[in-house]
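Biologist: Please put the model on the screen, and then I will ask about its fold, its packing and its aromatic rings.

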Amino acid sequence: MREFMLIVHFIGLAMGLGTSFAMMFLGIAAGRMEAEKRKEFMLNVGVLSRMGHIGLLLLVITGGYLMTPYLGMIGDMPLFIAKLVLVVALGALVGVMSARLRKARKGDFDAQMRVMPILGRLGLLTTLTIVVLAVLSFH
């Protein structure tokens, strides 16, 4: 069962991290478009965020299962604790980004999307840091 959960965990990682990279590159491409085309494009690629949500959900569910053997040792694993804190922060960041995207779809596009590149970079940095801390925790 552990191997299955580890496989699903890595699939969730690919989905979540892949969404961050995809949105970064799509944002770069959108930056070269006219304002109206950019708006339509970004609202349409926002559906990609659903893949990131599913990936994060898979990571949390499988991560909960995978960490059960370490429950008694978590207090002695500062890097793992930092990783868990960043996962919570990432969840909050994803929630903020999703709320902004919903508001953008309702007509407040410019105000909501102005901050999205910053939030996206912060999300990518957070996700990469989580991966590094996970590797270092179990090295």
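The questions and answers below go from the whole chain to single residues.

Biologist: How many helices and how many strands does the protein chain have?
Modeller: This is a predicted model. From the N terminus on, the elements run α-α-α-α-α-α. The count for the protein chain is therefore six helices and zero strands.

Biologist: What does the C-alpha trace of the protein chain span along its principal axes, and what percentage of its residues count as buried?
Modeller: Along the principal axes, the C-alpha trace spans about 55 × 25 × 25 Å. The protein chain has 139 residues, and the share that counts as buried is 30%.

Biologist: Among contacts between residues at least 6 apart in sequence, what percentage join residues at least 24 apart?
Modeller: The contacts in question are those in the protein chain between residues at least 6 apart in sequence. Of these, the part joining residues at least 24 apart is 74%.

Biologist: How far apart are the mean positions of the positive and negative charges?
Modeller: The protein chain carries 14 positive and 7 negative charges. The separation between their mean positions is 2 Å.

Biologist: Which helices do the buried residues of H1 pack against?
Modeller: H1 has 29 residues and reaches 41 Å from its first C-alpha to its last, close to the 42 Å expected at 1.5 Å a residue. Its buried residues include Met 5, Val 8, Gly 12, Leu 17 and Ser 20. These buried residues of H1 pack against helix H2 (35-45), helix H3 (49-66) and H6.

Biologist: Which helices do the buried residues of H6 pack against?
Modeller: Helix H6 covers residues 116-137, and its 22 residues reach 31 Å from the first C-alpha to the last, close to the 32 Å expected at 1.5 Å a residue. Among its buried residues are Leu 119, Gly 123, Thr 127 and Ile 130. An α-helix has 3.6 residues a turn, so residues three or four places apart point the same way. The buried residues of H6 pack against helix H1 (2-30), helix H4 (78-105) and helix H5 (109-113).

Biologist: Why does Thr 127 count as buried, and which residues does Thr 127 touch beyond four places away in sequence?
Modeller: Thr 127 has its place in helix H6. Its relative accessibility is 8%, and the limit for buried is under 20%, so Thr 127 counts as buried. Not counting residues up to four places away in sequence, Thr 127 touches Leu 17, Ser 20 and Leu 90.

Biologist: Where is Val 45, and how far is Val 45 from Leu 26 in space, C-alpha to C-alpha?
Modeller: Val 45 lies in helix H2 and counts as buried at 13% relative accessibility. Not counting residues up to four places away in sequence, Val 45 touches Met 23 and Leu 26. Val 45 and Leu 26 are 19 residues apart in sequence, and their C-alpha distance is 8.1 Å.

Biologist: Which residues is Phe 109 in contact with, leaving aside its neighbours within four places in sequence?
Modeller: Phe 109 is found in helix H5 and counts as buried at 8% relative accessibility. Leaving aside neighbours within four places in sequence, the contacts of Phe 109 are Arg 38, Lys 39, Met 42, Leu 43 and Ala 104.

Biologist: How many aromatic pairs does a search of the whole structure find, and why is the pair of Phe 80 and Phe 138 edge-to-face?
Modeller: The search finds two aromatic pairs. The ring centres of Phe 80 and Phe 138 are 5.5 Å apart. Their planes are at 75°, and planes over 60 degrees apart fall in one class, so the pair is edge-to-face.

Biologist: Which parts of the chain does that pair link?
Modeller: The two residues are 58 residues apart, and the pair links distant parts of the chain. Phe 80 is in helix H4, and Phe 138 is in the segment after H6.

Biologist: Is Phe 138 buried or partly exposed, and which residues form the aromatic cluster?
Modeller: Phe 80 is buried, with a relative accessible area of 4%. Phe 138 has a relative accessible area of 40%, so Phe 138 is partly exposed. The one aromatic cluster they belong to is formed by Tyr 70, Phe 80 and Phe 138.

Conventions: Residues numbered from 1 in each chain as written. Predicted model: local features only at pLDDT ≥ 70, side-chain atom pairs only at ≥ 80, totals over all residues. Heavy atoms only, no water. Helix = DSSP H or I, 4+ residues; strand = E, 2+ residues; numbered from the N terminus. Expected span 1.5 Å × (residues − 1). Buried < 20%, exposed > 50% of the residue type's maximum accessible area, 1.4 Å probe, protein only. Contact = heavy atoms within 4.5 Å. Phe/Tyr/Trp six-rings, centres within 6.5 Å; stacked < 30°, edge-to-face > 60°. Lys, Arg positive; Asp, Glu negative; His and termini not counted. Charge placed at Lys NZ, Arg CZ, Asp CG, Glu CD.
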